[in-house]
Protein chains: 2
Amino acid sequence: MPQATAYHHGDLRAACLRAARELLEEDGSAALSMRAVARRAGVSPTAPYRHFPDREALVSAVAAEGYRELAEHLVAAHPTPVTPDELAEVAVAYVRFALDHPALFRAMFAEPCDPDNEERVAATAAIEDYVRDTVRRAVPGADPDTLWTPVWALVHGLAFLHLDGKFDASTPDAVADQVSTAFLALFTAAPALAQAAAAQH
Amino acid sequence: MPQATAYHHGDLRAACLRAARELLEEDGSAALSMRAVARRAGVSPTAPYRHFPDREALVSAVAAEGYRELAEHLVAAHPTPVTPDELAEVAVAYVRFALDHPALFRAMFAEPCDPDNEERVAATAAIEDYVRDTVRRAVPGADPDTLWTPVWALVHGLAFLHLDGKFDASTPDAVADQVSTAFLALFTAAPALAQAAAAQH
DNA sequence: AGAGAATGTAAGCGGTGCATACATGAGAGG
DNA sequence: CCTCTCATGTATGCACCGCTTACATTCTCT
């Protein structure tokens, strides 16, 4: 671990990540810029390139942090959701996270990025496991290996459609109601869906 | 309608939209730039600003076109889907559209944009109606006014997760299988979902 | 025909990502 | 303790970007 001097920063990598997070939180609509990060870290415009080969690498690193925080946020909403209502709480937490950290969420998902980035792959795999386990616990009669994808996609889609203003996201309550209703509608409509499936044959 | 001369283009607005579409199709990862659009249209760098107050306006106009094309694409996949398999075909078409026109799809959804833009609101309202009608037709026992949201969100989420490399999108067949399986899993799991809902009380 | 509005251009500001060349100083080997 | 090396910082410069302001051209309308 190098020491901090007037010339050498000490831990510029961490400082860049912190600066990037701050900038994303402060302006949820502006794109993250290397130069702004450097300014915020009190360092020359090109210094961050010593730690991140390009802008994409920095964004990926920030995104990886975001995945971990999202996972924690979901667990905090409910450690072991089982009933539809508890599942809906977690779904609301997911969308809430997207709306509370729009720029971070977009960096995590909406930015064209290198899908081979190891940090990102590992972090999303963790979310995948979480969703699968939750499905296994909450819907014992179903196959978690096929059901986890539509469940994640549903919640993820709700998040994006709110983020993009397709649904009313004016107040937290409106969002919670919307997400909860939409999520629970699947359970409510389950008998009708089963019937529709049966009618095909 | 103004005439085309050496100085005056004639219909620069349409030319800009066409150029923008071409650029988005050619490079699915690069951001759309006003100057590139101007170059492609064979016009000075600032000329497009006569027709679009800022970049956001141009992107919104292109996005609105995209919504219409997406709607046509879905209808082309199946005019009146009823059975789960037919619904799955439409879902696959939705994701296919996203993957075939990644930059356009991102412009439509992943770009922070003015939600008050009239063209966008009208275009998305059309999709909303389409999904609602489809749900009404295909799942007669359910309430279309509450079920259309999770359905759209599910398919939309699948599109984004594929677009972002969270699911395997290496071949068209892999995508079709994935989407189809995920979508049909809802019907397959419907009895288990109904049972989970019933167990809550 | 002349006036005014519409639509084009030119020039310039401050911002961006990034490559290249140079400066500094921390830590290792003698 | 002294020097050498190299990781880590800086300076400079290029090409691009969105957008503003001022100016040129031409369409349209009376």
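Modeller: The axes of helix α7 (residues 144–163) of chain A and α7(B) come within 6 Å and cross at roughly 95°. This is a predicted model, in which local features need pLDDT of at least 70, side-chain atom pairs count only at pLDDT 80 or more, and totals for chains, interfaces and linings use all residues. Residues are numbered from 1 along each chain as its sequence is written, while chains are lettered from A and ligands numbered from 1 in the order in which they are written.

Biologist: Why are α7(A) and α7(B) called roughly perpendicular to each other?

Modeller: Axes are lines fitted to C-alpha atoms, for helices over the stretch in contact, and angles run from 0 to 180 degrees between N-to-C directions. Angles under 35 degrees count as roughly parallel, over 145 as roughly antiparallel, 65 to 115 as roughly perpendicular and the rest as oblique. The axes of α7(A) and α7(B) cross at roughly 95°, so the pair is roughly perpendicular.

Biologist: Which residues of α7(A) meet α7(B), and what makes a contact?

Modeller: Two residues are in contact if their C-beta atoms, placed from the backbone, lie within 7 Å. Among the residues that meet are P150(A), L154(A), H156(A) and F160(A) in α7(A), and P150(B), L154(B), H156(B) and F160(B) in α7(B). This contact divides into 12 nonpolar, 4 polar and no charged residues. Here Ala, Val, Leu, Ile, Met, Phe, Trp, Tyr, Cys and Pro count as nonpolar, Asp, Glu, Lys and Arg as charged, and the others, Gly among them, as polar.

Biologist: What makes α8(A) and α7(B) roughly perpendicular?

Modeller: The axes of α8(A), residues 172–188, and α7(B) come within 8 Å and cross at roughly 95°, and the two helices are therefore roughly perpendicular. T181(A), A182(A), F183(A), A185(A) and L186(A) in α8(A) meet T146(B), L147(B), T149(B), P150(B) and A153(B) in α7(B). By class, that contact has 7 nonpolar, 3 polar and no charged residues.

Biologist: How many residues does each chain bring to the whole contact?

Modeller: Chain A and chain B bring 44 residues each. On the side of chain B that touches chain A, α4, α5, α6, α7, α8 and α9 each supply at least two residues. α7(B) gives the most to that side, with 11 residues. The side of chain B comprises 28 nonpolar, 12 polar and 4 charged residues.

Biologist: Why do you say that the copies meet through the same surface?

Modeller: Because 100% of the interface residues of chain B are also interface residues in chain A.

Biologist: Which helix gives the most to the surface near DNA strand C?

Modeller: Helix α2 (residues 34–40) of chain A does, with 3 residues. For DNA strand D, helix α2 of chain B gives the most, also with 3 residues.

Biologist: What makes these stretches helices, and how many helices and strands are there in chain A?

Modeller: Helices (H or I, at least four residues) and strands (E, at least two) are DSSP runs, numbered from the N terminus. Chain A has 9 helices and 0 strands.
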